[in-house]
Amino acid sequence: MSSSKKKTIMISVVVLVCILLNISLGFATEFLKLGLFMDTIGTMLTSALCGSVPGIFVAIVTNFVLGLSDNIFFYYGLINVLIALITSFVFRKFQKIKVVHLIGLLFAITLIATVITDIFINNVTGFNLDREYSTIVFAIFNRLPFQGPISIFISIFLTELLDKSISIAISYALIKIIPEKIREDLYFTGWKQTPIEYDEAVKLERGSGKFGSLKSKITTLMTFAAVFLGIIATIISMVLFRKYTIDQHSDIANGVAAYVAEIVDGDKVDEYLEKGEAAPGYKEIEKLMYSVKETSKDIEYVYVYQIKEDGCHVVFDLDTEEVEGGNPGDLIEFDEAFLPFLPKLLAGEEIDPIISDETFGWLLTVYKPVYDSNGECVCYACVDVSMRTLNVYERDFLIKLLAIYTGFFIFILSISIWFARYHIIYPVDSMSKAASEFAYDSNESRQENVNLISSLDIHTGDEIEKLYYSLLQTTDENFINYVELNRKTEAMDRLQKGLIIVLADMVENRDESTGDHVRKTAAYTRVIMESLKKKGYYTDQLTDAYMDDVERSAPLHDVGKIQIPDAILNKPGKLTDMEYDIMKTHTTRGQAIIEQVIQSLPESEYLEEAKNISGGHHEKWNGTGYPKGLAGEDIPLSARIMAVADVFDALVSVRCYKRAFTFDEAMNIIKKDAGTHFDPKVAEAFIDASDEVKKILDYYTELRETDNTDEKKD
């Protein structure tokens, strides 16, 4: 048996047992007249263990079954449903239940039960305290020093407090008996994906959309739809109920009127009018009329009128507790509501029931013709049914309807939210959250993106599941494409770097004495930048990308020399002023060459630094350099770094016009010229990294010597 099927069976058993527990306790307490209903223990137990939906289901079934024997339980169904909601919330919100949580739960459900019982039931439906409640409430009420609505409220509150205290105590004791592992398995979820923790689920439900969360939108839509349908259904129900009640009243009145018309002798009507009670058989008929009037409490008046042009002539008119009947022969004026029917009445015809609210109140009146032996209508048997009770019936029906409907509304809304939560909200929000956490900075990160989406395991069986697999497929394909793109990008990057070195070597090879100058200076720039960053200098500029761009473009710093004549470039002696001016143009010429390349490769950002380095690596901190005479931080940082690296390598290298300085001599010159020729911070960083600089110099010196030895052997 699968775990999900086993869980369903366990929850079903709990629900069934708790329904039976509620019904048993409800019938028992009702039979004993304790005033403690105790029919919410099963509801609390189910809500705490399984959640709101099973808890509400238990509440509705309980009160429906109990309501079949006593309809007062229909009213209390709403209380039971609200108790299920609150209990579920408390036990879900506070997974480690403490005494303070139970106290809060107690007072919350007690207050709700009291308010609904007192205001919604007693004050609206007119229930009597001594009739609807038994010993405990009535005993508390009689012992209070004051009487009235407040005392009723207090009596109900204290009784409910006792009832709910016992219910919570029993429920919690039963919960504690159940092992924690079983309690965890009993909670009614319905995951259509890999389950997530409660706190994370709450965050997902809150959402972060511009117009609210998905849950709030679905809840609002479902609530609006349910309320709208509820209002329409209530209006239709009330209209049908009114029609049914009026029809029922009409049937009663028609039946009584027909009976009276049957027992009145039409041939003796004139005698009844003249002699009244002295007429033979008059009292017997009147007695029968009284007896039929008592068949329904809704019958207000029973009388017999002879209708003439001058008004209604009393033949029989029964007394009531409030109104004394008229005497035979009395003349009664027509009520205004009857004037439209007067022609038919004078003609002895039957008329439809009339509803009026005039002299004798709100009444439904039925007239039945009384015929003599010749078949002529001589008078009418009349019955008035009070419509005042219709208001009571309608109010009682409306409250019962609202109480039942509200309970079902909460149940349906809870199921809808539950369904939306596990089939829509969690899957969609989980995909959205996972997508928002995607990282693309490395292949490992992109593989994690695929794993993250795959781990959701969404299986709603609808369009959301299709969307999930589309997202999973897209993420997987993106990963493959990224890997391939990175491979090609890295290949292109290596190709570009190789071409840069080849180009730089072509330029430097025209200078017979530069050797590995481009490689060494590039390595020195990396050492300088790492040292600057370590010291905290220019950290806003020294990003990883910037440092890569500077190191990558450093070999192009003398690319302009390709346009300098060999006679000047390799002249063994001192250059003339004119020749020196031509030599200095290698900076601007190099800058121009790189600008042309940038136009062809606009997305090669490192070339911008190559342009800065080529054009500015002979500028000096004090402004005496060339080609523009820039000073201080007006000189690009990359050019200031290159200046140190370039001069140092020139100092320690043999040239046709000079010897090679020793490492220490070169370092001292860099130190001496800091603040005049060089950026003092860059010079400081270079000097402090002298160990790394020495390693680079030694490496290339050794490499050069090895190459020279190999050339001699050849």
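## Cavities, pockets and helix packing in a predicted model

Helix H4 supplies the largest share of the lining of the largest cavity, 4 residues. Helices here are DSSP runs (H or I, at least four residues) numbered from the N terminus. The structure is a predicted model, in which local features need pLDDT of at least 70, side-chain atom pairs count only at pLDDT 80 or more, and totals for chains, interfaces and linings use all residues. Residues are numbered from 1 along each chain as its sequence is written, and side-chain values use heavy atoms, with hydrogens and water left out.

Rolling a probe the size of a water molecule over the atoms shows where empty space is left. On a 1 Å grid over the protein atoms alone, a cavity is a set of points where a 1.4 Å probe fits but cannot get out, while a pocket is an open set with protein on both sides within 12 Å along at least five of seven lines; lining residues have an atom within 4 Å of a point. A volume is the space filled by probe spheres set on the points, which are joined across faces, edges and corners.

The structure holds 4 cavities of 30 Å³ or more. The largest cavity contains about 110 Å³ of space. It is lined by 13 residues, and those closest to its centre are Asp39, Thr40, Tyr76, Ile79 and Lys164. H4, helix H5 (99-125) and H8 each give two or more residues to this lining. By class, the lining of the largest cavity has 5 nonpolar, 4 polar and 4 charged residues. In this scheme Ala, Val, Leu, Ile, Met, Phe, Trp, Tyr, Cys and Pro count as nonpolar, Asp, Glu, Lys and Arg as charged, and the others, Gly among them, as polar.

The second largest pocket has a volume of about 830 Å³. Of its 22 lining residues, Phe91, Arg92, Gln95, Arg183 and Glu184 are the closest to the centre. Two or more residues come from each of helix H2 (41-50), helix H4 (72-93), helix H8 (149-177), helix H9 (180-186) and helix H10 (198-206). The lining of this pocket divides into 12 nonpolar, 2 polar and 8 charged residues.

Axes are lines fitted to C-alpha atoms, for helices over the stretch in contact, and angles run from 0 to 180 degrees between N-to-C directions.

| Helix pair | Angle | Axis distance |
|---|---|---|
| H18 (517-535) and H24 (637-652) | about 130° | 9 Å |
| H23 (606-616) and H24 | roughly 50° | within 8 Å |

H18 and H24 are therefore oblique to each other; angles under 35 degrees count as roughly parallel, over 145 as roughly antiparallel, 65 to 115 as roughly perpendicular and the rest as oblique. The angle between H23 and H24 makes that pair oblique.

H18 passes H24 in a right-handed crossing, a term used if the near helix is turned clockwise from the far one by less than a right angle. Contact (heavy atoms within 4.5 Å) involves residues including Tyr524 and Ile528 of H18 and Met642 and Phe648 of H24. The residues of this contact divide into 9 nonpolar, 3 polar and 3 charged.

The crossing of H23 and H24 is right-handed. Its contact is made by Glu609, Asn612, Ile613 and Gly616 of H23 and Ser638, Ala639 and Met642 of H24.

**Loop features**

A cis peptide bond, with omega about 15°, joins Tyr626 and Pro627, and Pro627 lies in the loop between H23 and H24.
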